[in-house]
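Please read this briefing with the model open beside you. It goes from the overall fold to single residues.

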Amino acid sequence: MRLTDFWQRMERHLGSGYAESWARDQVIGALGSRTVYEALEAGEDPKFVWRAVSDVLELPARER
């Protein structure tokens, strides 16, 4: 998954105004108790980060 795809999914599910804020503030245990931004900056695969986000958001399997 490319970063552009990742951010498009974030905006689709959280809204364009809230996605960035959520990604900066929400600490996710599956990401090593890091935020989305921290995980991506540390080099985590966007697909791995997206799976963690979709778990937190409890998205249906077809959205993962």
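Predicted model: local features only at pLDDT ≥ 70, side-chain atom pairs only at ≥ 80, totals over all residues.

Residues are numbered from 1 along each chain as its sequence is written, and side-chain values use heavy atoms, with hydrogens and water left out.

**Overall fold**

- The protein has four helices and zero strands. Helices are DSSP runs of H or I with at least four residues, strands are runs of E with at least two, and both are numbered from the N terminus.
- Along the sequence, the pattern reads α-α-α-α.
- Along the principal axes, the C-alpha atoms fill a box of roughly 25 × 25 × 20 Å.
- Of the 64 residues, 31% count as buried. Buried means under 20% relative accessible area, exposed means over 50%, and partly exposed lies in between (1.4 Å probe, protein chains only).
- Among contacts with a separation of 6 or more, 41% join residues 24 or more positions apart. Contact means heavy atoms within 4.5 Å.

**Helix H1 against helix H4**

- Helix H1 spans residues 3-14 and helix H4 spans residues 46-56. Their axes come within 9 Å and cross at roughly 15 degrees. Axes are lines fitted to C-alpha atoms, for helices over the stretch in contact, and angles run from 0 to 180 degrees between N-to-C directions.
- H1 and H4 are therefore roughly parallel to each other. Angles under 35 degrees count as roughly parallel, over 145 as roughly antiparallel, 65 to 115 as roughly perpendicular and the rest as oblique.
- H1 contributes Leu3, Phe6, Arg9, Met10 and His13 to the contact, and H4 contributes Pro46, Val49, Trp50 and Val53.
- These contact residues divide into seven nonpolar, one polar and one charged. Ala, Val, Leu, Ile, Met, Phe, Trp, Tyr, Cys and Pro count as nonpolar, Asp, Glu, Lys and Arg as charged, and the others, Gly among them, as polar.

- Ser54 sits in helix H4. Its relative accessible area is 0%, so Ser54 is buried.
- Beyond its neighbours within four places in sequence, Ser54 is in contact with Leu59 and Arg64.
- Ser54 and Met10 are 44 residues apart in sequence, yet 9.3 Å apart in space, C-alpha to C-alpha.
- Thr35 lies in the loop between helix H2 (16-25) and helix H3 (36-41). Thr35 counts as buried because its relative accessibility is 6%.

- Most residues other than glycine have a negative phi.
- Ser33 is not a glycine, but has a positive phi of about 60 degrees. Ser33 is in the loop between H2 and H3.
- Glu58 is not a glycine either, and has a positive phi of about 55 degrees. Glu58 falls in the segment after H4. With 68% relative accessibility, Glu58 counts as exposed.
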